[in-house]
Amino acid sequence: MPEVPGLDVTALTAWLTATHPEIDVPAALHAAVIAGGRSNLTYSVDGAAIPLILRRPPLGHVLSSAHDMGREHRVISALAGTPIPVPVAIDIVDDTDGTITGTPFFLMKRAPGRVLSSRTQNSEYTASGLHQLSIRLVEHLADLHAVDPAAVGLGDFGRPDGYLTRQLSTWRRQLDASRSRETPNLDRLQDSLVQDIPQTSWSGIVHGDYRLDNALVDGPSDHPRISAILDWEMATLGDPLVDLGIFALYWDLADLPGGGSAVPSAVDQNAGYPSFDELADAYAAHAGIVLPSLNWYRAFAAYKLAVILEGIHYRYRAGDTVGDGFERMGGLVEPLAQKGLRVH
């Protein structure tokens, strides 16, 4: 059986057979790292009666709060009965002292569809289909922000009061834990954000990394749909406009120097995708609200992604990354810092 970095497939096969007999495992499982993830490791697992996904923290240097398996499993389970499309959770396991991953991990059923992460994929869809898909994606975000956390068992999932202040403190600590070089503009952006933290208008469930390539797309070319929203490890309770800020950043990330190569995106208005301004209007209409200025939130999104990529750069230099493309992550930190300073 081929070795898979960070996962003992033989041990997983034995554990799944003993622990989940309802999931028939007629033969040995086969697993592979799903390319594209730059944070938690994601594996496709085949050979059981149903296709599976296993998620675990990255190898090596781990910023604990950014890779919390329990949070991801909990929020996916809680949202199962809501309008938000999420994968079906199967189990959460603390394997810190075990042999399957040697870390906490969770298992879920693999939802149908594919991730749209490259402009080359757009040719398989009509322009109207991609436009409609984009509007539905932002409407799903509005639906998420409308969910009453207490009603789905997430009333204690976070502390909304003081959320933005704590976020800045958290990401400052993450940056300090990942320093391997000087980042003066990122430090300037960090300091400027502290000066005018906005007043939160309302609180709700925050995804934390909402973007097109954190969703699975299924269905025909002229009417694609979102079959599942993925990657909930940063979810919490807080200011929902943080999600709109990160959504806006990723929507236009290819416009940054090196953005398209470091973090590929399928978004291309020439293919039918709407502008972010249209998406913001669609969000507001679906939510029935008037959006305030998003400048601070867009600057914070640039700061947050820059800190994440600096952490990836740190792990890459230490040899603790799996897959290709990590060598380009560090080069996007400075353009992100500059963008944050401009929009702020």
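I began with helices H5 and H9, which pack at an angle of about 140 degrees with their axes 10 Å apart. That angle makes H5 oblique to H9. I kept the cut-off in mind here: an angle has to be over 145 degrees to count as roughly antiparallel. For the handedness, I noted that H5 passes H9 in a left-handed crossing. Then I listed the residues that make the contact: H5 brings Leu 186, Leu 189, Gln 190 and Leu 193. From H9 come Trp 296, Ala 299, Phe 300, Tyr 303, Ala 306 and Val 307. A reminder to myself before going on: this is a predicted model.

**Entry on Thr 183**

Next I looked at the loop between helix H4 (163-177) and helix H5 (184-195), where Thr 183 lies. Is Thr 183 buried or exposed? I found a relative accessible area of 5%, so Thr 183 is buried, the cut-off for that being under 20%. Its side chain has a polar partner too: a contact of 3.3 Å joins it to the side chain of Arg 179. I then set aside the neighbours within four places in sequence and asked which residues Thr 183 is in contact with. The answer was Leu 175 and Glu 310.

**Entry on His 313**

I moved on to H9 again, this time for His 313, which lies in that helix (residues 295-317). With a relative accessible area of 12%, His 313 is also under the 20% cut-off and therefore counts as buried. Not counting residues up to four places away in sequence, I have His 313 touching Ser 180, Arg 181 and Gly 330.

**Entry on the sheet**

Last, I turned to the strands. In what order do the 5 strands of the open sheet run? I read it as S1-S2-S3-S5-S4, with antiparallel pairing. The edges are strand S1 (30-33) and strand S4 (89-94), each of which pairs on one side only. As a general point, strands of a sheet pair through backbone hydrogen bonds, either parallel or antiparallel.

S4 and strand S5 (residues 104-109) pair in the antiparallel sense over 5 bridges.

Terms used
Residues numbered from 1 in each chain as written. Predicted model: local features only at pLDDT ≥ 70, side-chain atom pairs only at ≥ 80, totals over all residues. Heavy atoms only, no water. Pairing = 2+ DSSP bridges. Helix = DSSP H or I, 4+ residues; strand = E, 2+ residues; numbered from the N terminus. Buried < 20%, exposed > 50% of the residue type's maximum accessible area, 1.4 Å probe, protein only. Polar contact = N/O pair within 3.5 Å; in protein donor to acceptor, adjacent residues only side chain to side chain. Contact = heavy atoms within 4.5 Å. Axes fitted to C-alpha atoms, helices over the stretch in contact; angles between N-to-C directions. Parallel < 35°, antiparallel > 145°, perpendicular 65-115°, else oblique. Left-handed = near helix turned anticlockwise from the far one by under 90°.
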